[in-house]
Amino acid sequence: MVSRACTRLKSLYSFVSMRILNTGRLNLRTWEASDFPLARSLWADPDVMNFLGGPLSDDKVLEKMQSEMACAEEHGVQYWPVFENQTNDFVGCCGLRPWAYTPPAGHETGFALVKAKWGKGYASEIAGAVVKHAFEALQLPMLRAGHHPEHLNSKKILLKLGFQLVDEVFYKPTGLMHPTYQLKNFSS
Ligand SMILES: CC(C)(COP(=O)(O)OP(=O)(O)OC[C@H]1O[C@@H](n2cnc3c(N)ncnc32)[C@H](O)[C@@H]1OP(=O)(O)O)[C@@H](O)C(=O)NCCC(=O)NCCS
């Protein structure tokens, strides 16, 4: 089941352009090698990384960006960079990746926005579009998501999207158990 879904993801990925999806205000595309300054503006910011284990050094930012690019090559998904339609400003990242913590295998979703773009409803908008993409275009049977135990904004977004708390898993970057949620695709 999962391997069939992975094959489908890879074959879909090889046919789509760099653009992944578009909402009213935002669009997603794949990471490119020249995006390092954008990645740095996100993952090296102490406020953005407050609940994600702390800001990354330049080497670690590059490593993370390259691992997103490798994830797309291997699995057809990544935490795609997000841009504003109107200004083309970089907004952050949101997407999908294989779930690596507990069986059964599957995918998780997540989001992080640059500070200048908080408080505009962008996280809810883009995360909702990614969930729709996962369930309708990619036909994934289920998604997981998690957050730092004290990060109430993330919790609020996940609950708004319909995710339900099911478990907690150890998240190495923070050294804490993170609440874990799932959302089933009832149309798959
Ligand atoms: C978590 C994070 C993505 C939330 O971003 P955000 O912009 O605050 O999230 P939302 O999209 O829910 O928008 C929040 C508020 O924008 C406001 N807003 C302004 N204009 C809006 C619009 N046009 N539509 C909807 N909401 C709007 C709303 O008041 C909304 O709050 P509400 O849901 O209480 O009504 C952001 O804080 C972040 O990137 N943090 C750092 C990275 C991180 O920790 N990521 C989470 C990992 S699990």
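Around the ligand stand 20 residues, the closest of which are Ala112, Leu113, Gly121, Ala123 and Ser124, where a residue is near a molecule if its C-beta atom, placed from the backbone, lies within 6 Å of it. The structure is a predicted model, in which local features need pLDDT of at least 70 and side-chain atom pairs count only at pLDDT 80 or more, whereas totals for chains, interfaces and linings use all residues. Residues are numbered from 1 along each chain as its sequence is written.

By class, the shell around the ligand holds 10 nonpolar, 9 polar and 1 charged residues; Ala, Val, Leu, Ile, Met, Phe, Trp, Tyr, Cys and Pro count as nonpolar, Asp, Glu, Lys and Arg as charged, and the others, Gly among them, as polar. Strand E5 gives the most to this shell, with 4 residues. The elements below each supply at least two residues of the shell; helices (H or I, at least four residues) and strands (E, at least two) are DSSP runs, numbered from the N terminus.

| Element | Residues | Supply to the shell |
|---|---|---|
| Strand E5 | 107-113 | at least two residues |
| Helix H4 | 122-137 | at least two residues |
| Helix H5 | 152-161 | at least two residues |

Ala112, which is found in strand E5, is partly exposed, with 19 other C-beta atoms within 10 Å; a residue is buried if 20 or more other C-beta atoms, placed from the backbone, lie within 10 Å of its own, exposed if 12 or fewer, and partly exposed in between. Leaving aside its neighbours within four places in sequence, Ala112 is in contact with Leu42, Val48, Gly92 and Cys93, contact being defined by C-beta atoms, placed from the backbone, that lie within 7 Å.

The protein has 5 helices and 8 strands, and along the sequence these follow the pattern α-β-β-α-α-β-β-β-α-β-α-β-β. An open sheet of 8 strands has the order E1-E2-E3-E4-E5-E6-E8-E7, with mixed pairing, two strands being paired if DSSP finds at least two bridges between them. Strands E1 (19-22) and E7 (164-171) stand at the edges, each with a single partner strand, so one side of each is left without a neighbour in the sheet.

Within this sheet, strand E3 (residues 79-84) pairs with strand E4 (residues 90-98) in the antiparallel sense over 5 bridges, and Trp80 has Cys94 in E4 as its bridge partner. Of the 188 residues of the protein, 30% count as buried, and the C-alpha atoms fill a box of roughly 40 × 35 × 30 Å, taken along the principal axes.

Conventions: Contact = placed C-beta atoms within 7 Å.
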